Amino acid sequence: MINLKFNKEQIKKIVEQYYKEQLDFEGKVKIDAHRGYVGYGMGEHEDCVVDVILQGQMEFMGEIIPIEKELTDEDIKEVFKYCVEKQGLKFKRIFFDKDIRYEGYYEDIKKYIFNGIEVEVEGFQKNKGGMKNGN
């Protein structure tokens with residue numbers, strides 16, 4: 001298994017390019033990490049929530065209007081799955097590298113951090129002189 005690591009800027013670029021190529025939509029991606037609650041019922045807990053928002057414009061009845069689409073984790077998974085497979089690799093899973101950091105004298109200040117995405121793939125084999133595609 002190989003882990004490909006993407007930082008926020010690389011993620012933005014990949015998502016923007018995907019939507020331009022696949023859906024003919026030109027827009028900019030904004031990524032924000034903040035406090036949120038995840039889970040249900042007794043399992044609900046505080047966590048770092050990552051918002052990935054695609055912003056752009058579209059023509060609607062002769063008017064140019066701004067649009068905004070919040071991309072789900074599943075949307076991001078589909079983007080990276082498509083891109084990985086386009087490179088001839090086998091997509092295994094995706095992991096959002098996020099964290100809550102506690103700071104301050106009493107560690108009472110929380111910072112919500114999103115470091116990027118790790119994508120686990122198969123398909124690289126060591127070949128004399130470098131890497132090559134294969135299984």
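This is a predicted model: local features need pLDDT of at least 70, side-chain atom pairs count only at pLDDT 80 or more; totals for chains, interfaces and linings use all residues.

Biologist: Why is methionine 61 called exposed?

Modeller: Its relative accessibility is 74%, and exposed means over 50%, so methionine 61 counts as exposed. You'll find methionine 61 in the loop between strand E3 (45-60) and strand E4 (63-71). Together with Met58 and Phe60, Met61 forms a nonpolar surface patch of about 360 Å² accessible area.

Biologist: What makes the pair of tyrosine 18 and tyrosine 19 edge-to-face?

Modeller: By the pairing rule there are 4 aromatic pairs. For tyrosine 18 and tyrosine 19, the centres are 5.3 Å apart and the planes make 80 degrees. Pairing takes centres within 6.5 Å, and planes over 60 degrees apart count as edge-to-face, so the pair gets that name. Both tyrosines are buried, and Tyr18 and Tyr19 form one aromatic cluster with Tyr82.

Biologist: How do you know that lysine 86 and glutamate 21 meet in a salt bridge?

Modeller: The N to O distance is 3.2 Å; the cut-off is within 4 Å, so the contact qualifies. This pair links distant parts of the chain, with lysine 86 in helix H2 (residues 73-86) and glutamate 21 in helix H1 (residues 8-23), 65 residues apart.

Biologist: And why is lysine 86 called partly exposed?

Modeller: Its relative accessible area is 49%. Buried is under 20% and exposed is over 50%, so lysine 86 lands in between. At 42%, glutamate 21 counts as partly exposed too.

Definitions and conventions:
Residues are numbered from 1 along each chain as its sequence is written. Side-chain values use heavy atoms; hydrogens and water are left out. Patches are made of residues with over 30% relative accessible area and no salt bridge: like charges are joined within 9 Å, nonpolar side chains (Val, Leu, Ile, Met, Phe, Trp, Tyr) within 5 Å. Accessible areas come from the Shrake-Rupley method with a 1.4 Å probe; for residues, only the protein chains shown count as cover. A salt bridge is a side-chain nitrogen of Lys or Arg within 4 Å of a carboxyl oxygen of Asp or Glu. Helices (H or I, at least four residues) and strands (E, at least two) are DSSP runs, numbered from the N terminus. Buried means under 20% relative accessible area, exposed over 50%, partly exposed in between (1.4 Å probe, protein chains only). Rings of Phe, Tyr and Trp (its six-membered ring) pair if their centres lie within 6.5 Å; planes under 30 degrees apart count as stacked, over 60 as edge-to-face and the rest as tilted.
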